[in-house]
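Please look over the sequence and the structure below before reading on. The report then moves from the whole chain to single residues.

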Amino acid sequence: MPTIVDLDIKNIPLTEFMKALGQEHPVAADGNLRVYNAPYDDNHAATMVINTETNLWRDTKSGAYGGIYDLAHGITGSCSMSELNWFIASEMSAIRKVDIRHEPDVPRPQRKFRM
């Protein structure tokens, strides 16, 4: 079943996504930079820095960086956009009203062959 998500995922502030992941406040802040415990790291070390101006993150330990999809990929390991969309939407539903619906598959029309 395809999943339809009513959420503008690309424009979610990463700081809000971190709240949805259970980190209410950053470990440190300096200007437009926020330091968080890395949710994708087993040690959960405070190596993830979010720039609130650009809405991008960088890991000071590994060098990994990117936007919300890169962060979701780092957490889940999934490369499927539909799985990443579902993961982000389900996490955001903890702090924001999110409409996630499952619609039944629509059967594809049969191909007709000409002879």
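What follows is a short report on this structure, which is a predicted model.

## The chain as a whole

The chain contains three helices and seven strands, and these elements follow one another along the sequence in the pattern β-α-β-β-β-β-β-α-α-β. Of its 115 residues, 29% count as buried, and the chain exposes about 7900 Å² of surface, of which carbon and sulfur atoms supply 51%.

Among contacts between residues at least 6 apart in sequence, 43% join residues that are at least 24 apart.

## The open sheet

Five of the strands form an open sheet, in which the order is S2-S3-S4-S5-S6 and the pairing is antiparallel. At its edges are strand S2, covering residues 28–30, and strand S6, covering residues 65–66, each of which pairs on one side only.

Strand S4, made of residues 48–51, is joined to S5 by four bridges, and the two strands run antiparallel; here methionine 48 stands opposite aspartate 59 of S5. Strand S5, made of residues 56–59, is joined to S6 by two bridges, again in an antiparallel arrangement. Across this second pairing, arginine 58 stands opposite tyrosine 65 in S6, while tryptophan 57 has glycine 66 as its bridge partner in S6.

## Turns and positive phi angles

Strands S4 and S5 form a hairpin with four residues between them, and in its turn asparagine 55 has a positive phi of about 60 degrees. Strands S5 and S6 also form a hairpin, with five residues between them, and in that turn glycine 63 has a positive phi of about 90 degrees.

Most residues other than glycine have a negative phi, and with this in mind two residues of the model deserve attention. Asparagine 55, which lies in the loop between S4 and S5, has a positive phi although it is a residue other than glycine, and at 22% relative accessibility asparagine 55 counts as partly exposed. Histidine 44 likewise has a positive phi, of about 50 degrees, although it is not a glycine. Histidine 44 lies in the loop between strand S3 (33–36) and S4, and with a relative accessible area of 43% histidine 44 is partly exposed.

Is threonine 47 buried or exposed? At 10% relative accessibility, threonine 47 counts as buried.

The side chain of threonine 47 is joined to that of aspartate 59 by a polar contact of 3.0 Å. When its neighbours within four places in sequence are left aside, threonine 47 is in contact with Tyr36, Ala38, Arg58, Asp59, Thr60 and Lys61.

## Two aromatic pairs

A search of the whole structure finds two aromatic pairs. In one of them, the rings of phenylalanine 17 and phenylalanine 87 have their centres 6.4 Å apart and their planes at 85 degrees, so this pair is edge-to-face. Because phenylalanine 17 lies in helix H1 (residues 14–20) and phenylalanine 87 in helix H3 (residues 81–92), the pair ties together parts that are 70 residues apart in sequence. Phenylalanine 17, at 0% relative accessibility, counts as buried, and phenylalanine 87, at 14%, counts as buried too.

Tyrosine 40 and tryptophan 57 form a tilted aromatic pair, with 5.4 Å from centre to centre and 40 degrees between the planes. This pair links distant parts of the chain, since tyrosine 40 lies in the loop between S3 and S4 and tryptophan 57 in strand S5, 17 residues apart.

Technical notes. Residues numbered from 1 in each chain as written. Predicted model: local features only at pLDDT ≥ 70, side-chain atom pairs only at ≥ 80, totals over all residues. Heavy atoms only, no water. Pairing = 2+ DSSP bridges. Buried < 20%, exposed > 50% of the residue type's maximum accessible area, 1.4 Å probe, protein only. Polar contact = N/O pair within 3.5 Å; in protein donor to acceptor, adjacent residues only side chain to side chain. Contact = heavy atoms within 4.5 Å. Areas by Shrake-Rupley, 256 points an atom, 1.4 Å probe, with all protein chains shown as cover. Phe/Tyr/Trp six-rings, centres within 6.5 Å; stacked < 30°, edge-to-face > 60°.
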